[in-house]
Amino acid sequence: MRANDREYQQLDAVVVGAGFAGIYALYRFRSLGLKTRAFEAGSGVGGTWFWNRYPGARCDVESMEYSYQFSEELQQEWQWSERYAPQAEILRYLEHVAERFDLRRDIQLDTRVDSAIYDEAGTRWKIGCSDGSRWSARFFVMATGCLSAVNMPEFAGRESFQGKIYHTARWPHEGVTFHGQRVGVIGTGSSGVQSIPLIAAEAEHLYVFQRTPTWSIPAHNRSLDPDEVRRIKAIYPELRAQSALQPFGFNTRSAETTAMDVDDQERLREYETRWERGGLGFLGGYSDLLLSRDANDTAAEFVGGKIRAIIRDPALAAKLTPRTAVGCKRLCVDTNYYDTFNRDNVTLVDVTAEPIEGIAPKGLRTGGKEYELDAIVFATGFDAMTGALLGVDIRGRDGVELREKWAAGPRTYLGLSTAGFPNFFFVTGPGSPSVLTNMVPSIEQHVNWISACISNLFESGHGSIEPTPEAEDAWVDLVNEIGGMTIYPTCNSWYLGSNVPGKPRVFMPYLGFPDYVVRANAIAAAGYEGFRLGG
Ligand code: FAD
Ligand code: NAP
């Protein structure tokens, strides 16, 4: 041990984050015999499900699939109550997993990792935390989430507001009551879509400040039928394996037919069936819905018709109907979202036409008008995919900063590693399918891959692994090439970073879970092709 190493506590692996990814990474690394510690900024485990406690927060991938599969006992034991479990239940589940597998003792809460500097001579990462502690580890793994760094737009005058300000992803644990209040919600993505109907039911008046209208499919949420659960549990592993072959990594009953292969009547029948079934599976209706604008227009026409049928005032319906392709921004899943705008106590304020000018002591100003409010809810989302990674001062070989390296957009190999940063992995990073999939199996796949990679290093006697710049360039090109074949670049979305002012406009996720898994496995089987193994 060198002299200045003494101030560092020694570990084999540091994991940052204790959501689905961090919890599972800790479990797997421990089973490899690695002395591992996870650091979590929050005061509890759960990640997304610890922070997002706004009214109506729940998953929109069905719970029987939006859960771990690494332990057959766990998936047999756990009972989900609803088709789409509410936030509190998912949080209880993650707390249970941490307890059941005795992981708590290696999770340090209320601790932010601020810096991670690679010490080339010692092939170790030197990690600095908000509590002043210093750690030295051979492997450094960011399990910090794609949707954890909050996007809080800087509206002038915010601090002058005399009412309360909330962000959906930093919701007070004690809950919030809006009875008798005039409330403004900014944002109509998934968080807005879930919370708006419940806030409207409670508030005296709700103003929804909408910059871009959103496509949403009904959830048709319901209690889970015990017989249905029994049937699923009887063949759980087979069902999981089938889902892994679906484009988004869960059962969307994805068709191979294209929308243009069928006549109008058949297409209408298919859309109607999927609308009635509810949920994200709507996009599985035809194989070209995300590839061809013409195909997508048929889906847009169908959902647009539903919006017009639900909203009584045609001018209001027009304002609520997106012009973007369906699924170009993340598709939403709702309970009574559009219908909420028929209520007398709800006003839609179109801030595309009247941009938000600022916040005044008594409300919000837009289009030269002031809306008096008692509370403002920011449902304005996240600095997605890169925000949490770049929130830490990470420096690789020769002191190169990750922030500098990614200044024009993230560069990764497989969405889990980056050249010049040995023994550094991130779970569901940019360049991985992550946010275009059911994220729990994606997380498990990533963590399994990283664990196998670390085992391989031990077996082969290598000290380090990092991608070559050539492999990384080819991967970035592939992600862009696939993205370019889709409808995703045709609108502004957080997939492209275009929701955050100044962020480079780059399509970040890899489309196609099964294809990704095949490639990742082939790379490992070929002796970690595209990676450089150090001595
Ligand atoms: P997270 O759960 O985000 O956990 C990351 C943790 O890292 C956080 O707790 C954070 O505090 C911590 N952290 C970050 N930086 C640091 C640091 N520097 N130091 C210490 N700790 C740090 N996905 C789906 O597939 N289906 C769904 O239905 C679905 N619903 C969602 C609903 C909401 C409201 C949101 C916001 C997201 C949803 N997602 C859904 C995406 C969801 O984020 C993932 O499914 C999953 O929970 C991510 O787990 P994770 O562990 O990767 O990240
Ligand atoms: P989001 O999808 O990014 O939506 C943010 C909303 O805020 C958008 O309507 C955006 O408008 C608006 N906005 C942002 N900045 C603004 C500004 N300066 N002025 C006016 N409006 C502004 O964020 P989210 O709703 O939190 O969802 C993020 C992701 O988390 C989802 O896509 C999903 O993956 C996940 N999630 C899932 C669920 C679920 O149902 N299970 C629930 C919540 C979140 P523009 O569109 O014009 O940018």
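The shell around ligand 1 divides into 18 nonpolar, 11 polar and three charged residues, where Ala, Val, Leu, Ile, Met, Phe, Trp, Tyr, Cys and Pro count as nonpolar, Asp, Glu, Lys and Arg as charged, and the others, Gly among them, as polar. This is a predicted model, in which local features need pLDDT of at least 70 and side-chain atom pairs count only at pLDDT 80 or more, while totals for chains, interfaces and linings use all residues. Residues are numbered from 1 along each chain as its sequence is written, chains are lettered from A and ligands numbered from 1 in the order in which they are written, and side-chain values use heavy atoms, with hydrogens and water left out.

**Ligand 1**
- Of the 32 residues around ligand 1 (a heavy atom within 4 Å), those that come nearest are Glu-40, Thr-48, Asp-60, Tyr-66 and Met-439.
- Among the polar contacts (pairs of N or O atoms within 3.5 Å), a backbone N or O atom of Thr-48 lies 2.7 Å from an oxygen atom of ligand 1, and a nitrogen atom of ligand 1 is 3.3 Å from a side-chain N or O atom of Arg-112.
- The protein buries 95% of the 980 Å² that ligand 1 exposes when taken alone (Shrake-Rupley method, 1.4 Å probe).

**Cavities**
- There are four cavities of 30 Å³ or more, a cavity being a set of points on a 1 Å grid over the protein atoms alone where a 1.4 Å probe fits but cannot get out.
- The largest cavity holds about 90 Å³ of space, the volume being that filled by probe spheres set on the points.
- Its lining (residues with an atom within 4 Å of a point) includes Arg-411, Trp-475 and Phe-507.

Key:
Polar contact = N/O pair within 3.5 Å; in protein donor to acceptor, adjacent residues only side chain to side chain. 1 Å grid on protein atoms, 1.4 Å probe; cavity = no way out; pocket = protein on both sides within 12 Å on 5 of 7 lines; lining within 4 Å.
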